[in-house]
Amino acid sequence: MSGAVGGGRRSGRGQGRVRGGFVGREGELRAFAANLDAGSGAPEARFLFHVHGNAGVGKSSLVRRFAQLAQERGALTAVLDESAGGVPEVLAGICAQFGAQGQQLKPVEKLLATYRQRRYEAESAAAALYAPDAGAPAGPNPWAVLVAQASLVGVGAVVPGVGGAVDPVRLVEGAEQLRGVLMRQFGRAEDVQLVLDPVRVISPVFAAEVNRVAAKAPWVALFFDTYERTGPLLDPWLRGLLVGTGLGPGTAPGPYGQLPENVVVTTCGQRPPAPAVWGDHAGLVTEVPLAPFTDAEARELLAAKEVRDEDVVRDVLRLSGRLPVLVSMLAENAARPGGFDDPSATAVERFLKWEHDARRRSAALHGALPRHLDEDVLAVATRQEHEAQEAQDAQEALAAAGLFDWLLGLPFVSDRGGRARYHDVVRDPMLRLQRNRSPKRWRAAHTRLAQAYADWAAEEADGEDSGREETGGEETGWEEESELWAVDAWRAARVEEVYHRLCARPRTGLPAALRDGVRAAHASPAAARQWAAAVADAGTDADSDALRALGAACLAAVADDSRRSTALLGVVVDRAETDDATRCRALLVRARDHHRLGAFDEAAADCRAAIALGADTVAAHHELGEHLRLGRRYEEALAAYDEALARDPDALRTSASRGLVKHRLGRHEEALADLDRAVDADPRYAWALVARSDVKRALGDRAGAIADVSAASEIEPDHASVLASYAETLRHFEQYEEAVALFDRALLLNPDYTWALGSRAMAHHRLGRVDAALADLGEALARNPGYGWALLRRAEIHRERGDAEAEFVDLDRLVQINPDPAPALARRAAAHLHHGRTGAALADVRRMVELGEVAGALAVLAEPAFAEVREARELAQALAPTPACDPGSDV
């Protein structure tokens, strides 16, 4: 990253900065202020700062001071923390804070309001959408999960295929089906896109509004605190806003538009910037690493608190390690009468030495037990087992005593919108003291808190049981609870329940926690991260080496969203504490994530392992067939479908999938029989109608093929893939104009449908609309640069137009993107021969030989254009297999 600031911090008497209780960090403050004072047009202006350092070094305090400096200079500011769990919540927070400063972002607020309403409607529609086969076990609703996940990262990253006994055929088509349902309900493609990808829809409007308000202020300053918690979700979005915008020389608009030059962003977390996100943009980030106070800075803070006695000062410096939060706290204590009369006291006793009210001391200690604190939680944390007082009475007593308000006034407690959080460097010794002093009371307190969170989770589930008995062990409904993990409020309560049960009983509570981990991984990457953080925190706070190691492994596993939940589920599968039922579920969920990543062999292996563990069900064998089918292992897929149908001959979707596999194997009549059976049982089974149309097309039944796909489009008139299949059938039968019209409708529903773009291009091409064909292929490749079929088709059109240079640009790219480049090399060699470039063609053939593709190389060498090329003939002779000798000959 770029050079750090603050390295030249001055020390000495009178050099500290004291404002509103803030002391020290003069170098960092001076650098930030100078950047603001220089103006956004200055050559040295910096636009992205990242403050990082260990807990207790004063990161949050420094960021608040940065915000104050910006406000003093007339900047429009917003400060966000981990309470904003996704991009829509961040945007809502910015709107609220800008509005409080007189600058409303009304278009953004309107979109967010529409999004919230439409998301609610979409969740209701998703609940009505999913109806499993009659007699099949109930499974989780993948479309409800899809809506919840889209609120964080957009639908493009969350193609359905997770959790429970869900039919993968439906999952493959789930996003399109949900899109069609929402289109019918909303009537506007814009609203559908808003629900399924709010980040992509709202962010450009946000960027435009920032441009508008930035014209009225010298700076727009955005601050993101506790970034170690929010960074995994916000990093890609911030990069999209900042990289490729006007925040760098010679830049172009980014994916969300172009931000003005007078935007400055500060992130703040315990770790340096993520290399995977910012490594290629090191010049954009100015790091602000923080270390503990220097001796001089710590002494200045103590002097500001009227603590000057050298013996007391030395005690504070020794106990605090010069961490700003501890220096400040101990300075407050030392300034009180008798506050430092026992230099050998423990750190916790130092924190509370000055407080003689037993009720307050107890509240401060018990308030450290939860990770987050409000009046309700404090009421539970401070309740003793022998108290008969009901929770509501306890809460009222706390409110009367003002204990919660008193806690918020402590120097080590931060108030974030009515939710309090202890600073880690203070909370840790308080937890250690209670854990060591009375393990029995420790277990009882955490069990009490766990049960309270379980009750609150049940309330969020509209009074339904949360899926766990009061004793914390037994599962009562995998499917129902898996859906609840996608509900924000329920998940927040359940994560805290997991944390407290593990703190109470790290060993015996682990099997149930691992079950929760599988459900969280099924729900979304955000849920999995929250669960992993709770496990890691419990390991540290309960001082359990085994749990601490598990937490570290889980956090490492969820750090990379590109692998979905496969790494995390691998951790769960490999744990000895994981029972067979949980391991079986984990394997099935991991299989679906492998499926979504295109790793069909790995998905099939996991599914087979789950079946061996006891998931010997119709659904499991069906899913195995789906993984094998999409991995083009058709014979094995057929065997899996046969196993499923042997258990349930009426499994319609399995029958349909088996028909499709038989079609792929060229057994069209058998395929037709399977698909007839599925359609006869359910005439509105659109997917089976589309598959049967493909089979009839292969059998030359033009009327039957068109009739089936037409019927499917009437059943699903807003389903993009059904419309595209209809269009492709018409294209096959040379009805090009009608095909283009249907492709147009499909692409209106799903503009990212690259296969439809490619097929429409071919229809345009046959109609003589070459420019339109090239435009479609270009758009398809812009959306999917690895779309090899589109590259090949475009190269062919370039050849027809006589543009050899453009043709070979595409063919060269085709070779580059293929993991197995031999077929692409054969295509390019043939093109070289077409243009009389025998030397270049021979070079491609030699490379094919190096890759072991001898048969393909011989096929190219057999081309007539090589007949008069000596090197080609010699190579063909060298590669040709030696004929076997006849034993009866004399040779």
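1. Arg 212 and Glu 209 lie three residues apart in helix H9, so about one helical turn separates them. Helices (H or I, at least four residues) and strands (E, at least two) are DSSP runs, numbered from the N terminus. The two residues form a salt bridge whose closest N and O atoms are 2.7 Å apart; such a bridge is a side-chain nitrogen of Lys or Arg within 4 Å of a carboxyl oxygen of Asp or Glu. Glu 209 is buried at 9% relative accessible area, while Arg 212 is partly exposed at 33%. Here buried means under 20% relative accessible area, exposed over 50%, and partly exposed in between (1.4 Å probe, protein chains only).

2. A word on how to read this model. It is predicted, so local features need pLDDT of at least 70 and side-chain atom pairs count only at pLDDT 80 or more, whereas totals for chains, interfaces and linings use all residues. Residues are numbered from 1 along each chain as its sequence is written, and side-chain values use heavy atoms, leaving out hydrogens and water.

3. Now the overall picture. The protein has 45 helices and nine strands, and 55% of its 891 residues are buried. Among contacts (heavy atoms within 4.5 Å) with a separation of 6 or more, 64% are between residues 24 or more positions apart.

4. One joins Arg 647 to Asp 616, with 2.9 Å between the closest N and O atoms. This pair links distant parts of the chain, 31 residues apart: Arg 647 is in helix H31 (residues 634-647), and Asp 616 is in the loop between helix H29 (600-613) and helix H30 (618-630). Arg 647 is partly exposed at 37%, and Asp 616 is partly exposed at 41%.

5. Another bridge runs between Asp 676 and Arg 692, with their closest N and O atoms 2.8 Å apart. Asp 676 belongs to helix H33 (residues 668-681) and Arg 692 to helix H34 (residues 686-698), so this pair ties together parts 16 residues apart in sequence. Asp 676 is partly exposed at 26%, but Arg 692 is buried at 11%. There is also a network of salt bridges linking Asp 642, Arg 658, Lys 662, Arg 667, Glu 670, Asp 674 and Arg 677.

6. Please look at helix H10 (residues 227-242), where Asp 235 is found. Asp 235 is buried yet has no salt bridge, and Arg 239, the nearest side chain of opposite charge, is 8.1 Å away. For this, Lys and Arg count as positive and Asp and Glu as negative, with His and the chain ends not counted. Beyond its neighbours within four places in sequence, Asp 235 contacts Tyr 227, Ala 274, Val 277 and Trp 278.

7. Leu 234 is in helix H10 as well and is buried at 2% relative accessibility. What does Leu 234 touch, not counting residues up to four places away in sequence? The list is Gly 86, Val 87, Val 90, Phe 224 and Tyr 227. Val 90 is 144 residues from Leu 234 along the chain, and their C-alpha atoms are 8.9 Å apart.

8. Rings of Phe, Tyr and Trp (its six-membered ring) pair if their centres lie within 6.5 Å; planes under 30 degrees apart count as stacked, over 60 as edge-to-face and the rest as tilted. By this rule there are eleven aromatic pairs. Phe 47 and Trp 219 make a tilted one, at 6.4 Å centre to centre and 45° between the planes. The two are 172 residues apart, Phe 47 in the loop between helix H1 (26-38) and strand S3 (48-52), and Trp 219 in the loop between helix H9 (198-214) and strand S5 (220-224). Phe 47 is buried at 11% and Trp 219 is buried at 3%.

9. A last item for your tour: Phe 32, Phe 49, Phe 66 and Phe 223 form one aromatic cluster.
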